[in-house]
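The following paragraphs lead through selected local features of one model. Please keep the sequence and the coordinates at hand while reading.

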Amino acid sequence: MNKVYQGKTKDVFALDNGNYLLKFKDDVTGKDGKFDPGENAVGLTIEGVGDVNLRMSVYFFEKINAAGIRTHFVSADLEDTTMEVLPARVFGKGLEVICRYKAVGSFLRRYSDYCEPGQDLPAYVEMTFKNDEKGDPLVTRDGLKVLGVMTYEQYDETVRMTQEITKIVADDLKAKGLELYDIKFEYGYDPEGRVMLIDEIASGNMRVYKDGEYIEPMELSKLFFA
């Protein structure tokens, strides 16, 4: 295998069949020795976090694929903490897609003049460019089109897929007594330009509450697989 990218929490290898292999690591982002999924540098190592992130990703990717929604997931080797994925190009230099069921986090900070904390939102989808220095700026449908990052058709498809995938995740969490407030995804596209869900679906990418109390990502992983 040929390592093509060394990431903070995953390494990427090129496979002979044209696909890629993601190796999940126990390194997590954080600061001052504390886990924080919002940080942009590795802050600490937590034994087993790579395993649980892979297991949750596989669990949801299999459900999403079964629902007929395109993803990059092919297979996984849980013993080796690896996942084989289809090749995909990212939009621009990286685009994050957030689906919100409740007004919390950055949404609440931006729009607190117009909403209350925890206010219901109708599976509201927003997109931001991955750019730490610029604070991951929001970008509109027209902005993505004008900048040549995404076509209108790809944007509409991404929104539709995001709302469908979020419902799958939210329904599953609800069955476990957990409430999804928001979740973050990444997407890419295949050589034909078709949108597909990529990266991972792990506890660090979602904000989940139980009985009105926020659940930390590592605790969420424990509750999810209890």
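Thr81 is buried, with a relative accessible area of 15% (buried means under 20% relative accessible area, exposed over 50%, and partly exposed in between, with a 1.4 Å probe and protein chains only). This residue belongs to the loop between strand E7 (73–77) and strand E8 (82–85); helices (H or I, at least four residues) and strands (E, at least two) are DSSP runs, numbered from the N terminus. The phi angle of Thr81 is near 55°, a positive value in a residue other than glycine. Most residues other than glycine have a negative phi. A positive phi is also found at Asp136, where the angle is near 50°. Asp136 lies in the loop between E11 and strand E12 (138–139) and is partly exposed, with a relative accessible area of 27%.

The model is predicted, so local features require pLDDT of at least 70 and side-chain atom pairs pLDDT 80 or more, whereas totals for chains, interfaces and linings use all residues. Residues are numbered from 1 along each chain as its sequence is written, and side-chain values use heavy atoms, with hydrogens and water left out.

Aromatic contacts come next. A search of the whole structure finds eleven aromatic pairs; rings of Phe, Tyr and Trp (its six-membered ring) pair if their centres lie within 6.5 Å, and planes under 30 degrees apart count as stacked, over 60 as edge-to-face and the rest as tilted. One of these pairs joins Phe107 and Tyr111, whose ring centres are 4.9 Å apart and whose planes meet at 70°, so the arrangement is edge-to-face. Both residues belong to helix H2 (residues 105–111), and because they are four residues apart, about one helical turn separates them. Phe107 counts as buried at 9% relative accessibility, while Tyr111 is partly exposed at 28%. Phe107 also forms an edge-to-face pair with Tyr124, at 5.4 Å centre to centre and 65° between the planes. This second pair links distant parts of the chain, since Phe107 is in helix H2 and Tyr124 in strand E11 (residues 120–129), 17 residues apart. Tyr124 is partly exposed, with a relative accessible area of 32%.

What do the buried residues of helix H5 (residues 217–224) comprise? They are Pro217, Leu220, Ser221 and Phe224. Viewed down the axis of H5, these buried residues fall within an arc of 100°, so they line one face of the helix; the arc is that of the directions from the helix axis to the C-beta atoms. Phe224 also takes part in one aromatic cluster with Tyr59, Phe60 and Phe225. A charge sits over a ring if NZ of Lys or CZ of Arg is within 6 Å of the ring centre and within 35 degrees of the ring normal. The charged end of Lys10 is likewise placed over the ring of Phe24, 5.4 Å from its centre.

The second largest pocket is lined by Lys93, Gly94, Phe129, Lys130, Asn131 and Lys134. On a 1 Å grid over the protein atoms alone, a pocket is an open set of points where a 1.4 Å probe fits, with protein on both sides within 12 Å along at least five of seven lines; lining residues have an atom within 4 Å of a point. The pocket holds about 160 Å³ of space, a volume being the space filled by probe spheres set on the points, which are joined across faces, edges and corners.
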